[in-house]
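Here are my notes for your first look at this model. Keep the structure open as you read.

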Amino acid sequence: MKNVLVTGGAGFIGSNFVHYLLKTEPEVNIINLDALTYAGSQENLKDLPTRGSYTFVDGNICDRSLVSSLLKQYAIDTIVHFAAESHVDRSIAGPEPFIQTNIVGTFTLLEAARKFWLDEKGVSGQEVRFQHVSTDEVYGSLNPDESAFSETTPYAPNSPYAASKASSDHVARSYAHTYNLPLTITNCSNNYGPRQFPEKLIPLIILNALEGKKLPVYGDGQQIRDWLFVEDHCEAILAVLKKGTAGETYNIGGENQPTNLSIVQTICDLLDEFKPDPSISPRRSLIDFVTDRPGHDRRYAMNIQKIRKTLGWQPKHTLQDGLRETVQWYLSNTQWVAAIRTQQEYQQWLTQNYTKRETKR
Ligand code: NAD
Ligand code: DAU
């Protein structure tokens, strides 16, 4: 792993991965390819560690000639593919970009890698690696008594987002099986932590609660997610890159099962502690149960025995510690928050997604 193409490295997890890799692997050369959609920002790439080398390319993963020329120009030996449309609610409002970026974009990268690594260079499996970053949402939704998703759970995606990721996983898998492209797939649960775009539950609730705005909880708030601190995800990906076996899939998760409502309540309590404000505390009073997300998955849970046993990875942060650190990050990074909050596109999204949602109780 010397010359690493990171796609989507200006987004939430990708930018955390760029920071993490430069910190832990000082010899690495990173090429960050990102189209800077609403979700990508140079704000996420400020104050990068100065070790290693880092180049940013503003471009689209669907642009085949750009991707092919980057592979050659920088002699890329490792691709870590994060770039995606990632928000479920947006995929419900307008699925088309999800099909384009998540499926066609992944295909474009796979095809460019196949041509460059296998056809032109004739490299062996030890020299190169394509790491496809995916999600637990490909497995669908669990009932309360069902066991956690394992790597052999059949795919049953429910939202256009999940279907586009499932599709990209299948295309990626076929490249490993048919062409022997040295490839690993990771399916991870909900991430949270610094630099997450405030359309997602945790940062949205932190920022609304800070300002004394209503806290929209979809449906009854009893949906369950498995939450992982983003740096733990970055560490898991590095473990897969270094020790994972080509052709394998690894599930990654935080091994916790809180309801959405309990996450929102915890954030309220943390903000009451860090930023007491008699005019809006207790912030739990801001909770607003609103119209549910169509087709809302009820429960996710990840079985992480494979990565724990074979690669020795497990999450380092408890949910309690991770949430404290996350709330503190949003309180300390006021410039980052202001830059995103004033984005017109973001304000339009908030209006589009929340104004028509009715209070349910
Ligand atoms: P994000 O939305 O924060 O960032 C996505 C990044 O991809 C942005 O920087 C955006 O500009 C870039 N991008 C989008 N379309 C592009 C295109 N066509 N070409 C180049 N760049 C493009 O997403 P995230 O939450 O950081 O997720 C990263 C990856 O991890 C995704 O593949 C997602 O499916 C997966 N994942 C996310 C989570 C989570 O909880 N956030 C959990 C599991 C897996
Ligand atoms: O499980 C992994 C997935 O987690 C990733 O693949 C996705 O990219 C990522 O966005 C995330 O998907 P979710 O839909 O689970 O995340 P989100 O933060 O949008 O919502 C988390 C839960 O909170 C979900 O049950 C919906 C609920 N929710 C969300 C928002 C934005 C609310 O109740 N109110 C809200 O305003």
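Which residue forms a salt bridge with arginine 283?

1. The partner is aspartate 272, and the closest N and O atoms are 3.0 Å apart. Note that this is a predicted model. Arginine 283 sits in the loop between H8 and S11, while aspartate 272 is in helix H8, so the pair links distant parts of the chain, eleven residues apart. Arginine 283 is buried, at 1% relative accessibility. Aspartate 272 also counts as buried, at 19%.

2. Now look at lysine 306. Its salt bridge goes to glutamate 248, with the closest N and O atoms 2.6 Å apart. Lysine 306 lies in helix H9 and glutamate 248 in the loop between H7 and S10, so the bridge ties together parts 58 residues apart in sequence. Lysine 306 is partly exposed, at 23%. Glutamate 248 is partly exposed too, at 32%.

3. Compare a pair within one helix. Lysine 115 bridges to glutamate 111, the closest N and O atoms being 3.3 Å apart. They are four residues apart in helix H4, so about one helical turn separates them. Lysine 115 is partly exposed, but glutamate 111 is buried.

4. The whole structure has 20 salt bridges. Arg90, Glu199, Lys200 and Glu345 are joined in a network of them.

5. Turn to the nonpolar side. The largest nonpolar core has 38 residues, and Ile202, Ile206 and Leu215 touch the most other members. Helix H8 gives the most to this core, seven residues. Leucine 215 has contacts that include Val264, Cys268 and Arg283. A second, separate core holds 26 residues, among them Leu33 and Trp117.

Notes: Residues numbered from 1 in each chain as written. Chains lettered and ligands numbered in written order. Predicted model: local features only at pLDDT ≥ 70, side-chain atom pairs only at ≥ 80, totals over all residues. Heavy atoms only, no water. Core = buried A, V, L, I, M, F, W, Y, C linked by side-chain atoms within 4.5 Å. Buried < 20%, exposed > 50% of the residue type's maximum accessible area, 1.4 Å probe, protein only. Helix = DSSP H or I, 4+ residues; strand = E, 2+ residues; numbered from the N terminus. Contact = heavy atoms within 4.5 Å. Salt bridge = Lys/Arg side-chain N within 4 Å of Asp/Glu carboxyl O. Lists of a residue's contacts leave out its neighbours within four places in sequence.
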